[in-house]
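Reader: I have a model open and want to go through it. Can you take my questions as they come?

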Amino acid sequence: MATAPGGARQGSLRRTLSFRDLVVYGLLFIAPMAPVGIFGTLDAKAHGAVALVYVVATVAMAFTAFSYAQMVRVVPQAGSVYTYARVGLGESAGFVAGWMAMLDYLLIPAVAYLFSGIAMHALVPAVAQWWWTAVAVVVTTGLNLWGVRAAAVVGFLVLAVEIAVLLVFVVCAVFTLSERGATRGWLTPLTGDGGLTAGAVFTAVSVAVLSFLGFDAIAAFAEESAGGSARVARAVLLCLAVAGVLFVAQTYLAALLAPMSPAELAADPAKQGPAFYDTVDAATGTWLHDLVAASKALGAAFAALAGQAAAGRLLFAMARDRRLPGALAKVDRGSGVPRVALLGAAAVTMAAAVWAARRDDGLDRLVSVVDVGALTAFGLLHLSVIGWFAVRGRGGRVRPVRHVVAPLLGLAVVVTVVVRASWVAQVVGGVWCGLGLLVVVTRKR
């Protein structure tokens, strides 16, 4: 295992992942059709400029991807932002970064599992939603325990199916537009349908970033990449770029075909959740609706698989540094994966997902707290780049744009999005951060 700044580590993971495997894990976690579930919400908040929202969100996340690419070369270890903040800002900041990322990595899979359960329940109503959710957790956990390489191979097949369904939607949408025309102006998805403001765009961006959370998980597999840290950095950047193109394309087409105006969606929040499916129904019929729903169920389950794998690596890295119980740092000799850490992450995710699946407001409660944890960790990531290269001067020659300007712009974006987030998310994120700081103080005493 490569030794990074901060000293040697006990325990190592097998380098078996190719560049394609890394990109597959990232795109699986993101999910190519991630905007499906929040399309109506974004359409209402951004006054129809939903494609513009994803353009801005892609650019905003590009700063974060660039900072990941800088730090993964410095610290080619599992743990991602936790490890980067530890060497760039110090042990306490590293723990807080890992603590906030933990909220993200444990709850995003729970949201994805819940999406899978909702979609499967819609296709097979006779089976309870929480039961489908639990089945998805068990199946994907089994694949993760089988080994990172085996999970990547199965994930590649699932990703291929998702992209194929997305292409079917694109072809059908283009055909419908050529036959019937658009229900809105052709530039409306980029310019809005009246009343568009910068504040409205950034408020929508604070929701849209949920679609991107996951590309950063690629960095968690740095110790398992067969091509070294440079390959991991390229995979992070490529994954974000591909996801951004897919998100902008599908939301642009869906906005042109939407049967309801942004004002109507804003006036009737109950219609926002199924807005994408209603658009598909109105444009092509129920057959594509069912195909998209099935793809969403499968894709969400395997997005959770990638998220669970990343969460396991985060717990493994923090335990290896004695920030969590040592049992979580054990690596299974047969599969080469951190089995105990994976099972621990799966247990927490299972509890959260099944609990939410049995409540009417479960999805809202989960989604509201996911963004803030990730964004706080991203903020510490940007500071880590500045701390390592510019302040501590340990990264060699300082390049002002790469090591100072870009991270500061990324930090500004993160702060703006957090300010625009819902008050519930801010409160929960603040409480979770406060608990992490309390742990830091207690450990020092």
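Reader: What does Thr 133 touch, not counting residues up to four places away in sequence?

Author: This is a predicted model. In it, Thr 133 touches Tyr 113, Leu 114, Gly 117, Ala 353, Val 354 and Ala 357.

Reader: Where does Thr 133 sit? And is Thr 133 buried or exposed?

Author: Thr 133 lies in helix H6. Its relative accessibility is 0%, so Thr 133 counts as buried.

Reader: Val 354 was on that list. Which helix holds Val 354?

Author: Helix H14, residues 339–357. Val 354 has a relative accessible area of 16%. The cut-off for buried is under 20%, so Val 354 is buried.

Reader: What is Val 354 in contact with, leaving aside neighbours within four places in sequence?

Author: Trp 130, Thr 133 and Ala 134.

Reader: How far apart are Val 354 and Trp 131, in sequence and in space?

Author: They are 223 residues apart in sequence. C-alpha to C-alpha, the distance is 7.9 Å.

Reader: Back to H6. How do H5 and H6 cross?

Author: H5 covers residues 91–123. The axes of H5 and H6 come within 8 Å and cross at roughly 125°. The two helices are therefore oblique to each other. The crossing is right-handed.

Reader: Which residues make that contact?

Author: From H5, Tyr 113, Leu 114, Ser 116, Gly 117, Ile 118, Met 120 and His 121. From H6, Gln 129, Trp 132, Thr 133, Ala 136, Val 137 and Thr 140.

Reader: How many charged residues are in the contact of H5 with H6?

Author: None are charged. The contact divides into seven nonpolar and six polar residues.

Reader: Now H6 and H13. How do their axes cross?

Author: H6 is residues 129–146 and H13 is residues 286–320. Their axes come within 9 Å and cross at roughly 50°. That makes H6 oblique to H13. The H6 and H13 crossing is right-handed.

Reader: Which residues meet there?

Author: H6 brings Ala 136, Thr 140, Thr 141, Leu 143 and Asn 144. H13 brings Ala 301, Phe 302, Leu 305, Gln 308 and Ala 309. By class, the contact of H6 with H13 has six nonpolar and four polar residues, and no charged ones.

Reader: Change of topic. What is the phi of His 47?

Author: Positive, about 55°, although His 47 is not a glycine. His 47 is found in the loop between helix H2 (39–45) and helix H3 (50–74).

Reader: How accessible is His 47?

Author: Its relative accessible area is 28%, so His 47 is partly exposed.

Reader: Over to H16. What span should its 21 residues have?

Author: H16 runs over residues 400–420. At 1.5 Å a residue, the helix should span 30 Å. Its end C-alpha atoms are 29 Å apart, which agrees.

Reader: Which residues in H16 are buried?

Author: His 403, Ala 406, Pro 407, Gly 410, Val 413, Val 414 and Val 417.

Reader: Last bit, the whole chain. How many helices and strands?

Author: The protein chain has 17 helices and zero strands.

Reader: What share of the residues count as buried?

Author: Of the 445 residues, 56%.

Reader: And contacts between residues at least 6 apart in sequence: what share join residues at least 24 apart?

Author: That share is 83% in the protein chain.

Notes: Residues numbered from 1 in each chain as written. Predicted model: local features only at pLDDT ≥ 70, side-chain atom pairs only at ≥ 80, totals over all residues. Heavy atoms only, no water. Axes fitted to C-alpha atoms, helices over the stretch in contact; angles between N-to-C directions. Helix = DSSP H or I, 4+ residues; strand = E, 2+ residues; numbered from the N terminus. Parallel < 35°, antiparallel > 145°, perpendicular 65-115°, else oblique. Left-handed = near helix turned anticlockwise from the far one by under 90°. Contact = heavy atoms within 4.5 Å. Nonpolar A, V, L, I, M, F, W, Y, C, P; charged D, E, K, R; others polar. Expected span 1.5 Å × (residues − 1). Buried < 20%, exposed > 50% of the residue type's maximum accessible area, 1.4 Å probe, protein only.
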